[in-house]
Amino acid sequence: MNIHIHPTHEALSRHAAKLIIDILTQNPSAVLGLATGGTPKRTYELLVEDHRKNGTSYQSVTAYNLDEYLGIPAEHETSYKTYMKRTLFDHIDIEPSQCFIPDGMTDDADRECLDYEDIIDTNPADIQILGIGRNGHIGFNEPATSFDSLTHRIMLDEKTRHDNARYFSTLSDVPKEAITMGIKSIMKAKHILLIASGKAKAAAIKAMLEGPVTPACPASALRNHDHVTVLLDEEAANHIKEAT
Ligand code: F6R
């Protein structure tokens, strides 16, 4: 694992954007695994800025997202599809048919999960971006999820629902279920880039890097992958030991 500690979220976002742009420069048909949430937002803004200034193209890129809420239409304000369109896809030249996100309105979630896993197998990610939950989740793989999990339907942890309530009018509007890539699906990526910012993430980062490798901390699975980059700001890195 390569661990980099930056003074600020801005600095780590610049580093993350550079890693992605370098991959696209070397391979314009790269496959990007994407995350939503607050942490990668600035990275996506920087990718848009770079696309406008330097013309980095996404015409041949395939992208897929980690997860989507169940029961929310794709065009709804709070869907992850809407987040991705507003934050990134609508501002770059990516082909909409090459952007995959699980269908939150599917009437056959099992079929949707199998089909999604096929997309991942056909297009292994050159880089998979991840955030981390306060409980150590990656994607929506909540604590106790098997390291062998593929794309699946899950019940969201109450902590996760509380954390995500900021995007909804009330806590009761936050969906209780989602479809997420599994831990094994995430581990299929050639390179995993985990970014974390702020003191609320410090305990999860310590558990991921220094605690046991256990489903109790889903992100600890990343220690079994041979190409992981972790970008932290000083607050998120606050609990880890010098030696780490
Ligand atoms: C998002 C996702 C989640 C988030 C995590 C951190 O697609 O799968 O695992 O990455 O909850 O969210 P933020 O960045 O909002 O703190």
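Start with D107, which sits in the loop between β5 (99-100) and α4. Before going further, note that this is a predicted model. Is D107 buried or exposed? Its relative accessibility is 81%, so D107 counts as exposed. To give a sense of scale, take the C-alpha atom of D107 and that of S172: they are 22 Å apart, and the two residues are separated by 65 positions along the chain.

Next, the aromatic residues. Counting ring pairs with centres within 6.5 Å, the number of aromatic pairs is four. One of them is Y69 with Y80, a tilted pair, with 4.8 Å from centre to centre and 45° between the planes. Where do the two residues of this pair sit? Y69 is in strand β4 (residues 67-69) and Y80 is in helix α3 (residues 80-87), so the pair links distant parts of the chain, 11 residues apart. Y69 is buried, at a relative accessible area of 0%. Y80 is buried too, at 9%.

Y69 has another partner, F168. Their ring centres are 5.6 Å apart and their planes stand at 80°, so this pair is edge-to-face. It again links distant parts of the chain: Y69 is in strand β4, while F168 is in the loop between α5 (158-164) and β8 (177-180), 99 residues away. With 10% relative accessibility, F168 counts as buried. Taken together, Y69, Y80, F140 and F168 form one aromatic cluster.

A brief stop at the backbone. Which residue has a positive phi although it is not a glycine? That is A144, with a phi of about 90°. A144 is in the loop between β6 (127-130) and β7 (152-155). At 63% relative accessibility, A144 counts as exposed.

Now the salt bridges. How many does the structure hold? The count is 15. I will take a few of them.

K85 pairs with D90, and their closest N and O atoms are 3.4 Å apart. Both ends are partly exposed: K85 has a relative accessible area of 36%, and D90 comes to 48%.

The side chains of D126 and K190 also meet in a salt bridge, at 3.1 Å from N to O. This one links distant parts of the chain, 64 residues apart: D126 lies in the loop between α4 and β6, and K190 lies in the loop between α6 (183-187) and β9 (192-196). Are the two ends buried or exposed? D126 is buried, with a relative accessible area of 15%, whereas K190 is partly exposed, at 47%.

Some salt bridges share partners, and in this way E10, R14, R42, E45 and E49 are joined into one network. Within it, the side chains of E49 and R42 meet at 3.7 Å, N to O. E49 counts as partly exposed, at 33% relative accessibility.

How values were computed
Residues are numbered from 1 along each chain as its sequence is written. This is a predicted model: local features need pLDDT of at least 70, side-chain atom pairs count only at pLDDT 80 or more; totals for chains, interfaces and linings use all residues. Side-chain values use heavy atoms; hydrogens and water are left out. Rings of Phe, Tyr and Trp (its six-membered ring) pair if their centres lie within 6.5 Å; planes under 30 degrees apart count as stacked, over 60 as edge-to-face and the rest as tilted. Helices (H or I, at least four residues) and strands (E, at least two) are DSSP runs, numbered from the N terminus. Buried means under 20% relative accessible area, exposed over 50%, partly exposed in between (1.4 Å probe, protein chains only). A salt bridge is a side-chain nitrogen of Lys or Arg within 4 Å of a carboxyl oxygen of Asp or Glu.
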